Amino acid sequence: MIKREQRWVWVVWDALPRVSRGDRPRLAVSTVVNGEHGALLGQVEGLSVNVWRPDIHAPVAVSDRELNRNKLPIRSDRWETIIIQGHESRRTPRVAFVSTVTRAIDAAIDAGAEVIVHLDVRCLPGHRLLRTFAEHAMNAPSPGPVVWHAGSSVQLHAPDGILHPVSGGLGDIVADGRIREDPGPTSGPDEPWAECFAVRARDWATLRDTWTHPETSSASLSSHPEGQFPVPSLVDAATAVGGSVVQIPGGPHLYRQHPNVATARYAPGVMVIDEGGQRLRARAS
């Protein structure tokens, strides 16, 4: 079924052939980090219990000294970790988002990834998220570039412990609505696709060129003006080149971590949590 709404092209496949582990593509997860150590540690734990774990984890460290110096316990013997050094961008947040996400996806493809899932550092992946993206990417009937996304995340309350219980029990701490946060250097636009999307490596060069060079793009960009040239969303880039945007069915696929956890900074053995203006130190496992 294809439904066209504004510039979005929605494609829904009711059933997809299962992809065996032997046939699965090389998967990468990219993310952007600027001090959200609690969120990153939770995300890494979420990836470790996914039905299909990634082959590559590629975080961009935006002026994050602890992450750049390899002080966070995020590496795993189950996948390759590539930490990409980034710097605080003085450009507008939307332009900075495009720049940092592009760096992360480029690094993942250079490492051999065939399907790249970009995941907002504040989000925990559902247990089947990576497999679902992989199966859609392997069975996509569309010949053009495709951007898959998971839709909006489900907000979580603060957990009893330091991190959210990703192995089980997330459904018990779901909040009624989103807790508003001020946009930060790692924040993407407030659109459903920006928290989590997936692309195939073979489509990336085409999408990347349109997304990063809006001044030469034929995309309709009027809804996203910023700076000398409007900055397109990835949806604009996909539709401009005759591609499609697919929201994967089912869910929930994403869980938004509580801000107290997401912004906690890591020091060896402890998490420093800013709660109500009071900095609390809690022992980290």
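Me: How many aromatic pairs does the count come to?
Reply: The count comes to five aromatic pairs. Rings of Phe, Tyr and Trp (its six-membered ring) pair if their centres lie within 6.5 Å; planes under 30 degrees apart count as stacked, over 60 as edge-to-face and the rest as tilted. One of the pairs is formed by Trp-193 and Trp-211, which are edge-to-face at 6.2 Å centre to centre, with 75 degrees between the planes.

Me: Where do the two partners sit in the chain?
Reply: Trp-193 is in the loop between β10 (154–155) and β11 (196–200), while Trp-211 is in helix α5 (residues 201–212). They are 18 residues apart, and the pair links distant parts of the chain. Helices (H or I, at least four residues) and strands (E, at least two) are DSSP runs, numbered from the N terminus.

Me: Are Trp-193 and Trp-211 buried or exposed?
Reply: Trp-193 and Trp-211 are both buried. Buried means under 20% relative accessible area, exposed over 50%, and partly exposed in between (1.4 Å probe, protein chains only).

Me: Which residues form the aromatic cluster?
Reply: One aromatic cluster is formed by Phe-97, Trp-193, Phe-197, Trp-204 and Trp-211.

Me: What should I know about the model itself?
Reply: This is a predicted model, in which local features need pLDDT of at least 70 and side-chain atom pairs count only at pLDDT 80 or more, whereas totals for chains, interfaces and linings use all residues. Residues are numbered from 1 along each chain as its sequence is written, and side-chain values use heavy atoms, with hydrogens and water left out.

Me: New topic, strand β7. Why is it largely enclosed by the rest of the structure?
Reply: Strand β7 (residues 115–119) is largely enclosed because five of its five residues are buried. Val-115, Val-117 and Leu-119 point one way, and Ile-116 and His-118 point the other way. In a regular strand the side chains alternate between the two faces of the sheet.

Me: Which strands does β7 pair with, and in what sense?
Reply: Strand β3 (residues 27–33) pairs with β7 in the parallel sense over four bridges, and here Leu-27 stands opposite Val-115. With β11, β7 runs antiparallel, joined by five bridges; His-118 stands opposite Phe-197 there. Two strands pair if DSSP finds at least two bridges between them.

Me: Which residues touch the most other members of the largest nonpolar core?
Reply: In that core of 34 residues, they are Leu-129, Phe-133, Trp-148 and Cys-196. At least two residues each come from β3, α1 (37–48), β7, α4 (129–139), β9 (146–149) and β11. A nonpolar core is a set of buried Ala, Val, Leu, Ile, Met, Phe, Trp, Tyr and Cys residues joined through side-chain atoms within 4.5 Å. Another core, of 30 residues, lies apart from it and includes Ala-28, Ile-56, Val-98 and Leu-234.

Me: Let us stay with Phe-133. What does it touch?
Reply: Not counting residues up to four places away in sequence, Phe-133 touches Val-117, Trp-148, His-149, Ala-150, Cys-196, Phe-197, Ala-198 and Ile-248. Contact means heavy atoms within 4.5 Å.

Me: Now Gln-43. Is it buried or exposed?
Reply: Gln-43 is in helix α1 and is buried, with a relative accessible area of 0%. Its side chain makes a polar contact with the side chain of His-57 at 3.3 Å. A polar contact is a pair of N or O atoms within 3.5 Å; within protein, one must be able to donate a hydrogen and the other to accept it, and residues adjacent in sequence count only if both atoms are side-chain atoms. Beyond four places in sequence, Gln-43 touches several residues, among them Val-29, Leu-119, Asp-120 and Gln-257.

Me: And Thr-81, in what element is it?
Reply: Thr-81 is in strand β5 (residues 80–81), and at 11% relative accessibility it counts as buried. The side chain of Thr-81 makes a polar contact with that of Trp-79 at 3.4 Å. Thr-81 is also in contact with His-57, Pro-59, Ile-74, Arg-75 and Ser-76, leaving aside neighbours within four places in sequence.

Me: Does Arg-202 count as buried or exposed?
Reply: Arg-202, in helix α5, counts as exposed because its relative accessibility is 63%.
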